[in-house]
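The sequence and structure come first.

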Amino acid sequence: MAKEEYTINDLPGVGAATAEKLRDAGFVNLMSIAVSSPGELVETVGVTEATARKMINGARQNMDMGFETGADILERRATINKISTGCKSFDELMGGGFETGAITECFGEFGSGKTQVGHVLAVNCQVDDPDAIAVYIDTENTFRPERIIELSKGAGLDPDHTLRNIKVARAYNSDHQMLLAEKVEDLINQEALKVRVIIVDSLTAHFRAEFIGRGTLAERQQKLNKHMHMLLKLADTYNCTVYLTNQVMARPDVFFGDPTQAIGGHVVAHASTFRIYLRKGKKGTRVAKLIDAPNLPDGECSFVVEAGGLRDV
Ligand code: GTP
Ligand code: MG
């Protein structure tokens, strides 16, 4: 990717002090600067706009921004991990588990199990790697450490250790939520934490509550879009699994079939790599339907939520 000898310190307009500020602000490599906007650098590093442009151009010129061969991508995909749901049929549906380097969005009605899946991922990412960290951005105050303890035991992990490796932040409004997502980079770069899963539960609740009425829809979508891009960048740059939960609303214009629709529209749908529709099935089961997936067939599976985790029916 980046040419070996060229680093942030070699960029035009970057002295030792600016280089340090850049690193503090999470700009640790040429890629992070090449894909940022001048405004972002002006705001976070305090350089002038002209300098910011020079830095961005310098970063862009000194790395291969463009095309990779299919073989390169195959090699990169070899670094992708899959986090198991603990449930065979659910894992199979997802091609082996929840992929790192991708966003998986799960939408469904209340009680369909979206938050439970989030808790399961926070625990199960630690099964193969005791240093793995899960970040849980909680917007509805539904994170439950007691539940993590049960799930840890179910997965054969030490609950104290599991809890220590989950970083929870309560988001009080949509701006706060967006800021917390940005702060995940600090955990990775400054605290050197091995963040494997980032959970945002719920992605859309604050946005939905704060932007009411048609007039504010464009503004909401714009902010949501920015948030999604931040999350995409985290997934992509740091090979994390990003898991988002999303509510549904009834579509007044659908009379046949399922009238539910995810909040957030195209902005959320397009940025998500995988989309799962969760619903309640017969006899307390849950049904997960894979809707959008780049390389997997659409399909369904059933599971139950048990004390120790998700299990096959
Ligand atoms: P909203 O956030 O309200 O939209 O719902 P959700 O989709 O997040 O639902 P959630 O994940 O909270 O699922 C709730 C369901 O999970 C319950 O109806 C229970 O069936 C199950 N569940 C929740 N907590 C536990 C638990 O501690 N043990 C077990 N065995 N099941 C649980
Ligand atoms: Mg929930």
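Five aromatic pairs turn up when the whole of this predicted model is searched. A pair of aromatic rings is described by the distance of the centres and the angle of the planes. For Phe 107 and Tyr 277 the ring centres are 5.2 Å apart and the planes meet at 20 degrees, so this pair counts as stacked, the cut-off for stacking being under 30 degrees. Phe 107 belongs to strand β3 (residues 102-108) and Tyr 277 to strand β10 (residues 274-280), so the pair ties together parts that are 170 residues apart in sequence.

Phe 90, Phe 98, Tyr 243 and Phe 303 are linked by ring pairs into a cluster. A ring also takes part in a contact with a charge: the charged end of Lys 280 sits over the ring of Phe 110, at 4.5 Å from the ring centre.

Helix α9 (residues 159-164) contains Thr 162. Leaving aside residues up to four places away in sequence, Thr 162 touches Val 123, Gln 126, Ile 148, Ser 152 and Leu 157.

| Residue | Relative accessible area | Class |
|---|---|---|
| Thr 162 | 1% | buried |
| Phe 107 | 6% | buried |
| Tyr 277 | 12% | buried |

Buried means under 20% relative accessible area. Thr 162 is therefore classed as buried at 1%, and both Phe 107 at 6% and Tyr 277 at 12% are classed as buried too.

Definitions and conventions. Residues are numbered from 1 along each chain as its sequence is written. Chains are lettered from A and ligands numbered from 1 in the order in which they are written. This is a predicted model: local features need pLDDT of at least 70, side-chain atom pairs count only at pLDDT 80 or more; totals for chains, interfaces and linings use all residues. Side-chain values use heavy atoms; hydrogens and water are left out. Helices (H or I, at least four residues) and strands (E, at least two) are DSSP runs, numbered from the N terminus. Buried means under 20% relative accessible area, exposed over 50%, partly exposed in between (1.4 Å probe, protein chains only). Contact means heavy atoms within 4.5 Å. Rings of Phe, Tyr and Trp (its six-membered ring) pair if their centres lie within 6.5 Å; planes under 30 degrees apart count as stacked, over 60 as edge-to-face and the rest as tilted. A charge sits over a ring if NZ of Lys or CZ of Arg is within 6 Å of the ring centre and within 35 degrees of the ring normal.
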